[in-house]
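Let's take a walk through this one, starting at the place where the chains meet. Have the viewer open and follow along.

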Amino acid sequence: MNAAKTLEKALVASPERKLEADADLAVVRQVQAGDVQAFDRLIGKYRERVVGIIYNMTSNREDAADLAQDAFIKAFQSIHRFQGQASFFTWLYRIAVNSTLSHLRKNRLRSFFSLESIREEDAVSREVIDALTDKSGAGRDTFVRELQEKLNDAMQKLSINHRTVVTLFEIDGLSHQEIADVMECSVGTVRSRLHYAKQLLQAELQPYLPK
Amino acid sequence: MNQDRKITVEDLLRLKRAERPPAEFWAKFDAEIRAKQLSAIVSRRPWWVGLIRGFSGVRRMQLPLGAAAAVALTWAGLHYAGSRPVTVQVLPAAVTVTRAPEATAAVPAPQPVKLSIAVHEVVESSPRDLAAAEKPVVAATSSHLVQAPAALSAEATSASPFADGIAVTLADYRSMTVDVARTPTFGSDREFEPSIAPSHPQVSDPLAHVDPAEERRERLLAPALGPRQITGDWMKQRASTEVRMYESMDDHTSSDRSLVGFRF
């Protein structure tokens, strides 16, 4: 039963997402009617998620900021063509992901990290770090920093498409169908990429996965 | 370290959710995006941006569209060329080509100065075209590129520019092949010499009978042998001419005025 619920959650968008999509559509209609200020509400609502996706794909916060701004500007310039057939966030994610993929393909050889610090206010992350180390103080910070670099290194070793699927599913929490909509591929492709990417990550992060 | 908690890859990836930028990052982000938004509103995009965006959908299908265009062009070309009969007439190179019914290679030309060459025609069409080809075709130049279209236009069997071009090229190729095959490689030029040479007027060379070695010897020995010892014809003529010129000058310079005339 629990597995079925997990599968349903992974496959189908949640009802909250549908309500969210309806609210976004109303704002988009206002922008299309000429209310330019209404677009600021969409920026404020989605900026952290868009920056987060791009940051986890690039592992560079400056690039993430620039690409997220460009994605919002592109969405603003093209919002008159938004028909409402897909949800706004899917449309916005598609713009952001495509811009990031294009950027990554252009700068395939130039990749360096510019990482944000991990905030341990989150209970889940604090619990994970506690499970991995019993150090405290400066030693704990050093361990967290090393783990973060190792995580980003393992993510950058994935191909661009595998990295995007992992980012959208594991970090941003999108369903398989939503990822398929964003990446314009089939759900089977999404699942296949996700499975393969997790296998690679498991091999890369083996020292941090106690048996 | 909590040994009871089993850590998975998903747990490690969840740590990345906690990588969040500080508050000042968002202040800078908002300022930059507002500036970009304003510049996007104010700046006018050039006219070709819309054109490029219009063709962006076509760009995805460039391979099937290109293949379809190639197939359509090929079909149209074959259909256009295949709908009309093509008459190919091969005319050899000639200085003067006169096609008379009685003119054949075995019959000698009435005038030895003129060069008569039988016209070889290769007609690749119906017997009706063969009958029509019996009409005399007179071309005043030796270029096949001029002759063949004239013949084709006289026949008026092909109105297609492609067919005309193909006919001209084929005519050139075949005539060249015939000439090479029928003409021996060596000695062919000499066969034309007797008939062509009389057509040129005879030109007399004033120095044709002068022996350069003898003339040089006499010229060098002239100071030693004296003016009377000149035996060469050319030197004798020159010496007598100079003497006469000096004598005439003496006659003119004896008076106060001298007359100088130029004859061209």
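**Where chain B meets chain A**

Keep in mind that this is a predicted model. Across the interface of chain B and chain A, 13 residue pairs turn up in polar contact, with both partners at pLDDT 80 or more. On the chain B side, α1 (9–15) and α2 (23–42) each put at least two residues against chain A. Helix α2(B) has the largest share of that side, at 11 residues. Sort the chain B residues that touch chain A by type and you get 15 nonpolar, three polar and 14 charged.

Some of that charge is paired up: there are four salt bridges between chain B and chain A. One to look at joins the side chains of B:Glu10 and A:Lys198, at 2.9 Å from N to O.

How much area do chain B and chain A bury between them? About 4100 Å², with 62% of it on carbon and sulfur atoms. On the chain B side, the residues that lose the most area to chain A are B:Leu15, B:Lys16 and B:Glu19, together 16% of what that side buries. Counted by residues, the contact takes 50 from chain A and 32 from chain B.

Now for the nonpolar part. The largest nonpolar core has 78 residues, and B:Leu12 and B:Phe29 are among those with the most contacts inside it, along with A:Phe39, A:Val50 and A:Phe88. Helix α3 of chain A (residues 38–58) gives the most to this core, with 11 residues. Zoom in on B:Leu12: setting aside neighbours within four places in sequence, B:Leu12 is in contact with B:Ile7 and with chain A residues including A:Val128, A:Leu132, A:Leu147, A:Leu151 and A:Tyr208.

Terms used
Residues numbered from 1 in each chain as written. Chains lettered and ligands numbered in written order. Predicted model: local features only at pLDDT ≥ 70, side-chain atom pairs only at ≥ 80, totals over all residues. Heavy atoms only, no water. Contact = heavy atoms within 4.5 Å. Buried area = accessible area lost by both parts, 1.4 Å probe. Polar contact = N/O pair within 3.5 Å; in protein donor to acceptor, adjacent residues only side chain to side chain. Helix = DSSP H or I, 4+ residues; strand = E, 2+ residues; numbered from the N terminus. Nonpolar A, V, L, I, M, F, W, Y, C, P; charged D, E, K, R; others polar. Core = buried A, V, L, I, M, F, W, Y, C linked by side-chain atoms within 4.5 Å. Buried < 20%, exposed > 50% of the residue type's maximum accessible area, 1.4 Å probe, protein only.
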